[in-house]
Amino acid sequence: MANKKIDTVSYILLTLIVVIFLIIQNPYALIIIATVLLFKITKTAGWSFFSELSILLWYAYFEGFIQKTIGVTNNTLAWAGEKMPYYYSELSIASLSFLLIALGFIQFTKIVNQEKQLYEIDLNISFSISLMLVILSSVIIILVFPSFPTFTSNLLIRRTQGLSSFYGLVLFSLFLSSLTVDQSYKHKILYIFYAFIIFWSFGHAERVEVLGFLSYVVLKSINYYRAKIDFKAYKRLRRKFYIIIILVLISAMYIGLTRMERSAHISVSDLLNNFLVQGTAGDVTYIFNCATDLWKNGHAVHGITYIDYILRLIPGFYSMYSSETMLHAFYPDTMGGQLFYAEAMMNFGIIGTIIMNLEFFIVMKLIVFRKTMFRAYFIIPIIIEVFRTAYYGRASWLLACCVEVPIIYFGIWILRKVFYRRIIN
């Protein structure tokens with residue numbers, strides 16, 4: 001009870017400090033308070049979807065801070081202040097309100113514990129069905145990228161080969177593989193398929209969903225092994241996960257630098273510079289600036305982009321109503337993607353952005369609040385799309401969650417019944 005009072009007082013004080021710093025608008029003070037909020041989120045939540053998303057959005061805000069104070073981002077964010085005003089105040093309000101709301105939900109609700117309980121559920125998929133799923137997953141990823149991996153794929157070429165133009169197939173492939181993680185603890189052969197899918201995807205410069213897939217594997221495994229092995233062995237295993245993640249992130253940065261065929265010019269200093277001044281994070285932060293500029297100039301779209309959420313439920317359908325498409329139409333120099341808050345900003349302005357940040361956590365609370373098998377399936381695409389949610393918007397996992405998850409869930413249920421009957425007979 002005493003701890004709860006301390007948390008409440010601490011949260012109120014942090015909220016007051018955030019408001020004061022937003023009024024003062026000192027960029028150094030703002031990045032410090034944002035970092036304090038992130039530290040409290042990660043310390044309280046541990047490794048979770050919410051801490052990962054908070055880190056990604058803090059990182060984009062950090063890119064905004066670099067542009068505001070030093071101005072050497074070396075990406076499209078450098079145009080903020082040149083082609084249009086730099087709306088750092090709105091970026092600060094959107095970022096800090098998200099982190100503050102995230103901390104509130106993590107501290108005062110059971111949202112993180114409920115999330116982690118979903119990882120503890122055994123999906124009860126047999127090894128034979130798991131093997132079928134990873135083979136199908138591998139076939140799909142080859143059909144999406146039918147050329148041999150080079151790790152230097154040109155982005156334009158990659159999007160015109162195979163089935164890569166079909167929206168959501170990479171996510172679908174990795175979703176199928178994610179369903180087999182429970183069996184991988186007993187049958188290590190499944191890791192060969194995981195390695196192949198990761199190698200093939202990375203080799204064609206596909207990073208976002210692969211990083212999310214690895215995130216799900218780690219979250220699922222951490223919760224599995226925590227209950228199965230002693231604490232010292234668990235800490236050793238967790239260190240191994242950290243090393244793997246660092247290596248994967250370095251690989252992802254390398255791929256990011258080679259996507260426009262710059263492989264011959266990449267050095268260690270390029271990788272270090274890419275960590276501090278990251279292209280994708282800077283580009284999507286610039287797109288948020290464009291969304292703010294749209295709203296500031298009286299061209300808010302008043303919710304029309306949310307029609308895209310319905311149209312995305314149609315497999316293979318390309319919607320002209322997506323916020324990314326509309327922003328690119330208004331600002332052709334954008335590089336694609338969008339920061340998490342951009343859609344809310346272009347529709348409803350800064351007040352609407354704060355409200356939509358709150359709405360996001362309410363929706364996520366409704367998704368994780370009950371420990372059921374279907375919800376354990378449902379959350380998988382959300383975890384896989386954590387990077388895309390942060391840097392491409394919230395609509396990315398709608399098709400998977402609302403169409404593919406129910407089909408696969410009931411399809412596996414039917415398969416299980418068929419296998420079971422054959423064994424009995």
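Mentor: Start with P406. Leaving out residues up to four places away in sequence, P406 touches F374 and C401. Keep in mind that this is a predicted model.
Trainee: Where does P406 lie?
Mentor: In helix 20, residues 398-424.
Trainee: And how far apart are P406 and F374?
Mentor: In sequence, 32 residues. In space, 8.2 Å from C-alpha to C-alpha.
Trainee: Is P406 buried or partly exposed?
Mentor: Partly exposed, because its relative accessibility is 21% and buried means under 20%.

Trainee: Let's zoom out. How many helices and strands?
Mentor: There are 20 helices and zero strands.
Trainee: What share of the residues is buried?
Mentor: Of the 425 residues, 54% are buried.

Trainee: Now helix 18. How many of its residues are buried?
Mentor: Nine of the 12, so helix 18 is mostly covered. The buried ones run A376, Y377, F378, I379, I380, P381, I382, I383 and I384.
Trainee: What span should helix 18 have, and what are its end C-alpha atoms apart?
Mentor: Residues 373-384 should span 16 Å at 1.5 Å a residue. The end C-alpha atoms are 18 Å apart, which agrees.
Trainee: Which residues of helix 8 are buried?
Mentor: V170, L171, F172, S173, L174, F175, L176, S177 and S178. That is nine of the 10 residues in 169-178, so helix 8 is largely enclosed by the rest of the structure.

Trainee: Which residues touch the most other members in the largest nonpolar core?
Mentor: F49, F98, L179, L339 and Y391, in a core of 121 residues. Another core, of six residues, lies apart from it; Y306, Y309, M356 and A395 are among them.
Trainee: Back to F49. What does F49 touch?
Mentor: Setting aside residues up to four places away in sequence, E115, Y119, L219, F360, M364, I382, I383 and V386. Two of those names came up in helix 18: I382 and I383 are buried there.

Trainee: Switching to the surface. Which residues make the nonpolar patch?
Mentor: V9, I12, L13, L16, I17, I20 and I24, giving about 630 Å². I20 sits in helix 1, residues 2-24. With a relative accessible area of 45%, I20 is partly exposed.

Trainee: On to charges. How many salt bridges are there?
Mentor: Eight in the whole structure. One pairs K83 with D333, 3.0 Å from N to O. K83 is in the loop between helix 3 and helix 4, D333 in the loop between helix 16 and helix 17. The two are 250 residues apart.
Trainee: Is K83 buried or partly exposed?
Mentor: Partly exposed, at 49% relative accessible area.

Trainee: What does K296 form a salt bridge with?
Mentor: E90, with the closest N and O atoms 3.0 Å apart. K296 lies in helix 14 and E90 in helix 4, so the pair ties together parts 206 residues apart in sequence. K296 is partly exposed at 43%, whereas E90 is buried at 11%.
Trainee: What else is E90 in contact with?
Mentor: Beyond its neighbours within four places, F288, T292, M345 and I350, as well as K296.

Trainee: One more pair. Where do R388 and E209 lie?
Mentor: R388 is in helix 19 and E209 in helix 11, so their pairing ties together parts 179 residues apart in sequence. Their side chains meet in a salt bridge at 2.6 Å, N to O.
Trainee: Is R388 buried or exposed?
Mentor: Buried, at 19%. E209 is buried too, at 5%.
Trainee: Which residues do salt bridges join into one network?
Mentor: E206, E209, E385 and R388, through shared partners.

Terms used. Residues numbered from 1 in each chain as written. Predicted model: local features only at pLDDT ≥ 70, side-chain atom pairs only at ≥ 80, totals over all residues. Heavy atoms only, no water. Helix = DSSP H or I, 4+ residues; strand = E, 2+ residues; numbered from the N terminus. Buried < 20%, exposed > 50% of the residue type's maximum accessible area, 1.4 Å probe, protein only. Expected span 1.5 Å × (residues − 1). Contact = heavy atoms within 4.5 Å. Patch = residues over 30% accessible without salt bridge, like charges linked within 9 Å, V, L, I, M, F, W, Y side chains within 5 Å. Areas by Shrake-Rupley, 256 points an atom, 1.4 Å probe, with all protein chains shown as cover. Salt bridge = Lys/Arg side-chain N within 4 Å of Asp/Glu carboxyl O. Core = buried A, V, L, I, M, F, W, Y, C linked by side-chain atoms within 4.5 Å.
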